[in-house]
Amino acid sequence: MPFLSSAPAAANDRERIAVLWCNLGTPDEPTAAAVRPFLAEFLGDPRVVEIPKALWAPILHGIILRTRPAKSAAKYAGIWTPEGSPLKVWTQKQAKLLAGWLGERGHRVTVHEAMRYGQPSIPAQLDALAAQGVTRILVLQAYPQYSGTTTASAIDAVNAWSARRRRVPEFRFVNDYHDDPLYIEALARSVEAHWKHEGRPDRLLLSYHGIPERNIRLGDPYQDQCLASASLLAARLGLAQAQYQVTFQSRFGRAKWLEPYTEPTLRALGASGVARVDVMCPGFPTDCLETLEEIAMEGRDAFLQSGGKAFHYIPCLNDSPDWIDALCALAERHLAGWPTRVAAQNLPR
Ligand SMILES: C=CC1=C(C)c2cc3[nH]c(cc4nc(cc5[nH]c(cc1n2)c(C)c5CCC(=O)O)C(CCC(=O)O)=C4C)c(C)c3C=C
Ligand SMILES: [Fe+2]
Ligand SMILES: [Fe+2]
């Protein structure tokens with residue numbers, strides 16, 4: 001197979017540097033027809049479902065992709081905005097803000113957002129950057145906590161793209177930032193801002209996306225990193241053990257996933273007389289189906305129906321200035337040593 005070519009390098013070819021801001025992805029429309037190919041790509045990724053292809057493909061194509069798209073599409077329809085899927089809208093906005101903030105700090109860097117599943121895909125965005133003559137790319141991901149199911153999967157996609165090209169840009173990958181002080185600070189300020197207006201709850205629930213427990217036994221550090229982020233946040237907020245709880249949501253399939261599960265915990269809290277619970281999802285930098293529908297709608301219903309009196313959902317960091325500041329500092333730290341400064345780039349090489 002011939003390798004894909006780029007334009008020949010000019011003698012005075014100057015460095016061009018980019019940040020690729022990667023998120024999970026989302027369907028193009030809240031319809032079964034659009035959700036089906038998205039789910040096929042997502043659930044066909046061996047990083048996400050680790051069942052041998054010969055066993056999994058008939059289940060995925062014969063059962064799951066016949067029934068789930070319509071059910072998921074109805075859920076997506078409930079959170080869709082006039083601009084599109086919240087995950088896409090926020091991810092685009094974050095990329096734009098990151099570019100602006102890095103520019104304000106004197107860096108000449110292109111920022112593109114990319115989705116692991118759906119559009120704009122990682123290979124399409126890397127093609128666009130290569131066409132602009134980008135020579136170095138920092139890959140940042142919207143997953144503060146590392147998991148093989150998410151972080152490594154995006155790295156796979158970048159490497160698969162590279163494997164087809166003759167001239168491969170220099171890459172740097174940030175695997176996680178679960179204990180980054182500015183990320184924790186952004187979360188803490190978001191909670192404090194909520195409490196300043198609404199008062200404090202009886203319990204703060206920190207709900208993370210789950211993964212199969214087996215992945216943890218096989219060495220995935222995701223659970224440890226989720227718990228570490230939660231402890232740092234609780235310490236920063238001055239919370240005692242009894243004032244907060246970590247749970248895991250979005251279980252998929254029948255296997256045992258990380259526990260305690262979010263929804264049963266909310267039901268148990270409501271039934272046990274806890275009057276008010278606030279829920280935050282620190283592992284999701286952008287609001288999406290899993291936060292807006294599963295937590296803010298389904299989770300709320302579960303808590304209130306089981307006897308709870310008040311449920312508050314604290315939104316994801318989205319475009320909060322504290323978060324963009326954290327992201328910018330993270331990017332700056334990992335761009336160090338690359339000639340991003342405008343003056344440096346104009347120097348003859
Ligand atoms: C925050 C990190 C995420 C991890 C870890 C993760 C693992 C994981 N997810 C599934 C299955 C599904 N997840 C779905 C949606 C979804 N997942 C994440 C993030 C993580 N997933 C996000 C941000 C979203 C929302 C996307 C959006 O469009 O808003 C879905 C699709 C929705 C649905 O049909 O319910 C599935 C399916 C598995 C199996 C897994 C790890 C093994
Ligand atoms: Fe997921
Ligand atoms: Fe879900």
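In this predicted model, the domain assignment of the protein gives domain 1 (17-26 + 85-176 + 322-346) and domain 2 (181-314).

**Domains and their contact**
- The centres of domain 1 and domain 2, taken over C-alpha atoms, are separated by 28 Å, and 20 residues of domain 1 are in contact with 19 residues of domain 2.
- On the side of domain 1 that touches domain 2, the elements that give two or more residues are α3 (86-104) and α11 (321-335).
- That side of domain 1 is made up, by class, of nine nonpolar, eight polar and three charged residues.

**Nonpolar core**
- The largest nonpolar core has 87 residues, and those with the most contacts inside it are Ala 18, Val 19 and Leu 98.
- Strand β1 (residues 17-25) contributes seven residues, the largest share of this core.
- Because domain 1 and domain 2 both give residues to this core, it lies between them.
- Beyond its neighbours within four places in sequence, Ala 18 is in contact with Val 109, Thr 110, Val 111, His 112, Leu 129, Val 134 and Ile 137.

**Shell around ligand 1**
- Ligand 1 is surrounded by 22 residues, of which the closest are Thr 26, Ser 72, His 209, Cys 288 and Leu 289.
- At least two residues of this shell are supplied by each of α2 (53-79) and α10 (289-305), while domain 1 and domain 2 each provide at least three.
- The shell residues divide into 11 nonpolar, nine polar and two charged.

How values were computed
Residues numbered from 1 in each chain as written. Chains lettered and ligands numbered in written order. Predicted model: local features only at pLDDT ≥ 70, side-chain atom pairs only at ≥ 80, totals over all residues. Core = buried A, V, L, I, M, F, W, Y, C linked by C-beta atoms within 7 Å. Buried ≥ 20, exposed ≤ 12 C-beta atoms within 10 Å, placed from the backbone. Helix = DSSP H or I, 4+ residues; strand = E, 2+ residues; numbered from the N terminus. Domains from an automatic or database assignment. Contact = placed C-beta atoms within 7 Å. Near = placed C-beta within 6 Å. Nonpolar A, V, L, I, M, F, W, Y, C, P; charged D, E, K, R; others polar.
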